[in-house]
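This briefing is intended for a reader who wishes to go through one protein chain by topic. Please consult the sequence and the structure shown below alongside the text.

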Amino acid sequence: VEKSLAQALKCTILQQFCNRDMMTVSIQFSKKNGTIEKWILSSIYMPHFDSQKRAIKVPFDENCSKLCKFAEDNKWPLIISTDANSHSGAWGCPNDDERGFSLSEACIDNKLEIINVGSTPTFDIAGKTSIIDLTLTNGEGYNHVENWMVDPRPSFSDHKMITFTIQQEHTIESRTSEKKKTNWKEFRNELKKNLPLCKTINNKEELNEFVEKFTAAINDAQSN
């Protein structure tokens with residue numbers, strides 16, 4: 001970091017949102033018009049198993065939700081970089097799993113946007129690739145995060161480097177405002193027409209098929 005940039009940023013650790021799998025800081029800087037702006041940056045690891053070696057089916061835990069609420073209450077932009085260990089077509093995976101479905105729902109519930117673009121793998125070990133590293137932001141930050149990409153340069157890790165830029169000034173209306181204009185009655189009617197019938201799911205293949213149909217129904221209702 002250049003000395004001038006380091007001096008311009010005031011970085012504070014948010015201890016209430018730090019633990020073994022989570023590191024969160026706030027950064028404060030002066031905008032061109034002289035006003036002070038704060039951002040929250042958080043790096044989160046979402047493990048497969050808990051301390052008792054039990055599978056974790058809901059990767060987005062209570063601390064993550066509290067962080068989102070904290071940022072929303074203060075109207076601060078939030079960026080979360082996470083090794084989610086979850087798969088979903090919502091961020092370019094060719095298949096969906098239970099954790100991916102849960103995380104997608106959590107993003108909706110906590111008003112987070114997925115910044116990932118395309119289907120370039122973010123993880124590669126011994127030829128096995130996947131997209132498990134996500135960049136998430138809230139409504140306050142969405143229009144300021146640009147040029148997201150998986151860096152092709154060697155990272156000396158099984159995880160690829162992810163780069164993006166943060167623009168201080170932006171005038172485009174936020175996605176949150178667009179959602180407020182949605183005709184929810186029409187959305188629900190369209191969704192009812194296309195939702196797959198609930199049935200007993202007996203295996204992984206049937207679960208993936210149901211998730212794909214469910215996701216397609218939501219996307220179709222949103223576009224109509």
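The points below cover the chain overall, the sheet, the nonpolar cores and selected residues.

The model is predicted. Its chain has 6 helices and 10 strands, and 35% of the 224 residues count as buried.

**Chain overall**

- The accessible surface of the chain is about 14,100 Å², and carbon and sulfur atoms account for 52% of that surface.
- Of the contacts between residues at least 6 apart in sequence, 54% join residues at least 24 apart.

**The sheet and the helix across it**

- Six strands form an open sheet with mixed pairing, in the order β1-β2-β3-β4-β8-β5.
- At its edges stand β1 (10-13) and β5 (112-114), each of which pairs on one side only.
- From one strand to the next, the twist averages 25°.
- Strands of a sheet pair through backbone hydrogen bonds, in either a parallel or an antiparallel manner.
- Strands β4 and β8 run antiparallel and are joined by 5 bridges; across this pair, Ser81 stands opposite Thr135 in β8.
- Helix α2 lies across β2 (22-30), β3, β4, β5 and β8, and its direction is at about 170° to that of β3.

**Nonpolar cores**

- In soluble globular proteins, nonpolar side chains tend to be buried together.
- The largest nonpolar core of this chain comprises 24 residues; Phe60, Leu67, Leu78, Ile80, Leu103 and Leu112 have the most contacts inside it.
- Two or more residues of this core come from each of β3 (36-45), α2 (62-74), β4 (78-83), α3 (98-109) and β8 (133-138).
- Helix α2 provides the largest share, 4 residues.
- Another core, of 9 residues, lies apart from the largest one; Val25, Trp39, Val145 and Trp148 are among its members.
- Beyond its neighbours within four places in sequence, Leu112 is in contact with Phe60, Cys68, Leu78, Ile80, Cys107, Leu136, Thr137 and Asn138.

- His159 is located in the loop between β9 (145-150) and β10 (162-166).
- The side chain of His159 is joined to that of Asp133 by a polar contact of 3.0 Å.
- When residues up to four places away in sequence are set aside, His159 touches Asp83, Thr122, Phe123, Ile132 and Asp133.
- Arg54 belongs to the loop between β3 and α2.
- Arg54 counts as exposed because its relative accessibility is 52%, and exposed means over 50%.
- With residues up to four places away in sequence left out, Arg54 touches His48 and Phe49.

**Positive phi values**

- Most residues other than glycine have a negative phi.
- Ala126, in the loop between β6 (123-125) and β7 (128-130), has a positive phi near 55°.
- The relative accessible area of Ala126 is 84%, so Ala126 is exposed.
- Asn147, although not a glycine, likewise has a positive phi, of about 60°; this residue lies in strand β9.
- Asn147 is exposed, as its relative accessible area is 54%.

Key. Residues are numbered from 1 along each chain as its sequence is written. This is a predicted model: local features need pLDDT of at least 70, side-chain atom pairs count only at pLDDT 80 or more; totals for chains, interfaces and linings use all residues. Side-chain values use heavy atoms; hydrogens and water are left out. A nonpolar core is a set of buried Ala, Val, Leu, Ile, Met, Phe, Trp, Tyr and Cys residues joined through side-chain atoms within 4.5 Å. Buried means under 20% relative accessible area, exposed over 50%, partly exposed in between (1.4 Å probe, protein chains only). Contact means heavy atoms within 4.5 Å. A polar contact is a pair of N or O atoms within 3.5 Å; within protein, one must be able to donate a hydrogen and the other to accept it, and residues adjacent in sequence count only if both atoms are side-chain atoms. Two strands pair if DSSP finds at least two bridges between them. Axes are lines fitted to C-alpha atoms, for helices over the stretch in contact, and angles run from 0 to 180 degrees between N-to-C directions. Accessible areas come from the Shrake-Rupley method with a 1.4 Å probe; for residues, only the protein chains shown count as cover.
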